Structure formats: structure tokens, C-alpha cells
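Thanks for coming, everyone. I have one structure to walk you through today, so let me put it on the screen.

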Amino acid sequence: MNPTKFDQDFVKKLIKQKEGKSLDFKNKITSREKIAKTLAAFANTSGGSLLIGVSDRGQVRGIDPEEEKFMIETANREYCNPEVNLSFHEIKLTDTEFLENSNEEEITLLLVYISPSLPLSIDFISSKGDKIKYIRQGDRTIAIRN
């Protein structure tokens with residue numbers, strides 16, 4: 001899922017898909033360690049997309065894309081070995097359907113595409129130095145025990 005056209009219709013379709021093996025919604029990134037597990041899991045499974053600025057229930061909230069990029073890039077550098085291959089796409093929404101509960105004239109979302117790696121080739125390195133493999137199973141990120 002690496003589309004070239006990121007518009008409001010694309011976002012609507014993505015939200016209707018719901019979270020799963022290759023799609024996860026995040027209001028915002030609050031923990032670098034937690035998001036690094038998700039990055040590693042997507043890469044170790046078959047790749048996927050994070051849509052940041054959208055709740056688990058598909059409610060559009062919006063975010064500061066630079067802050068979210070910083071959190072994800074830092075998480076990738078600090079916790080993923082080797083680093084996951086990422087691409088970032090800002091999506092600006094102006095449709096009144098998305099703005100109905102907002103005082104803003106537009107809302108920005110961030111779509112992060114995580115490329116697949118070789119199966120189970122990405123280690124998550126915990127703050128204690130433990131190497132853990134993560135994969136996606138349905139809409140969950142789970143650790144694989146060796």
C-alpha cells in the first residue's frame with residue numbers, strides 16, 4: 001500500500017479499512033519505545049502503514065507532522081536494528097466532514113509507510129539491551145519468543 005495520490009477520498013477509504021495486519025491508526029506518538037515495536041513488527045511481517053492523527057475508532061484529530069516525524073525517526077534510530085525503511089506523506093484535509101468538531105480550517109495527518117524487510121530481520125532493542133522480534137498479527141503487535 002504505497003499510493004501516489006494522498007487526498008481526502010484516499011483517507012476516507014483508509015479509515016473505512018479499519019486497523020489490521022498492515023494498517024494502524026495513532027492519535028499521536030507518545031512513546032518512542034512503543035512505536036518502535038510497531039515499526040519493527042510491520043517491517044518483519046509484510047510492511048504496512050501508520051496513519052497518525054486518527055483515533056483507533058477512525059476519528060480524525062490532526063497532528064503536528066514535524067513533531068510526529070521526529071518521534072518516529074528517533075524511535076527508529078534508538079530501538080530498531082537495523083533501522084526500518086520509512087517514507088512520510090503529509091495529508092492536508094479541508095473537507096467539512098473532517099473539520100466538523102474542529103476550529104481549524106484544515107487538519108494535517110501523517111501517513112508513514114513501513115517497507116517490508118526480510119522476514120524477522122529487524123530486532124527491537126529494549127532499553128535494557130534485549131533483542132526482541134515483533135510481528136503483526138491482525139491489528140496487534142506481538143513479540144516472538146525465541
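Let's begin with the open sheet, which has four strands in the order S3-S6-S7-S8, paired antiparallel. Keep in mind that this is a predicted model. Now look at the edges of that sheet: strand S3 (80-81) and strand S8 (140-144) each have a single partner strand, so one side of each is left without a neighbour in the sheet.

If you follow S8 to its pairing with S7, you'll find five bridges between the two, in the antiparallel sense. To pick out one spot there, Lys133 has Ile144 in S8 as its bridge partner.

What lies across these strands? Helix H2 does: it lies across S3, strand S6 (123-125), S7 and S8, and it runs at about 70 degrees to S7.

That brings us to the inside. The largest nonpolar core has 25 residues, and those touching the most other members are Leu39, Leu50, Ile52, Ile72, Val84, Val112 and Ile114. Two or more residues each come from helix H2 (32-45), strand S2 (48-52), helix H3 (65-79), strand S5 (107-114) and strand S7 (131-137). Our helix H2 turns up again here, giving the most to this core with seven residues.

Let me zoom in on Ile72. Leaving aside residues up to four places away in sequence, Ile72 touches Ile29, Ile35, Leu39, Ile52, Leu86, Phe88 and Val112. And apart from this core lies another one, of 14 residues, including Val11, Phe25, Val60 and Ile107.

Notes. Residues are numbered from 1 along each chain as its sequence is written. This is a predicted model: local features need pLDDT of at least 70, side-chain atom pairs count only at pLDDT 80 or more; totals for chains, interfaces and linings use all residues. Side-chain values use heavy atoms; hydrogens and water are left out. A nonpolar core is a set of buried Ala, Val, Leu, Ile, Met, Phe, Trp, Tyr and Cys residues joined through side-chain atoms within 4.5 Å. Buried means under 20% relative accessible area, exposed over 50%, partly exposed in between (1.4 Å probe, protein chains only). Contact means heavy atoms within 4.5 Å. Two strands pair if DSSP finds at least two bridges between them. Axes are lines fitted to C-alpha atoms, for helices over the stretch in contact, and angles run from 0 to 180 degrees between N-to-C directions.
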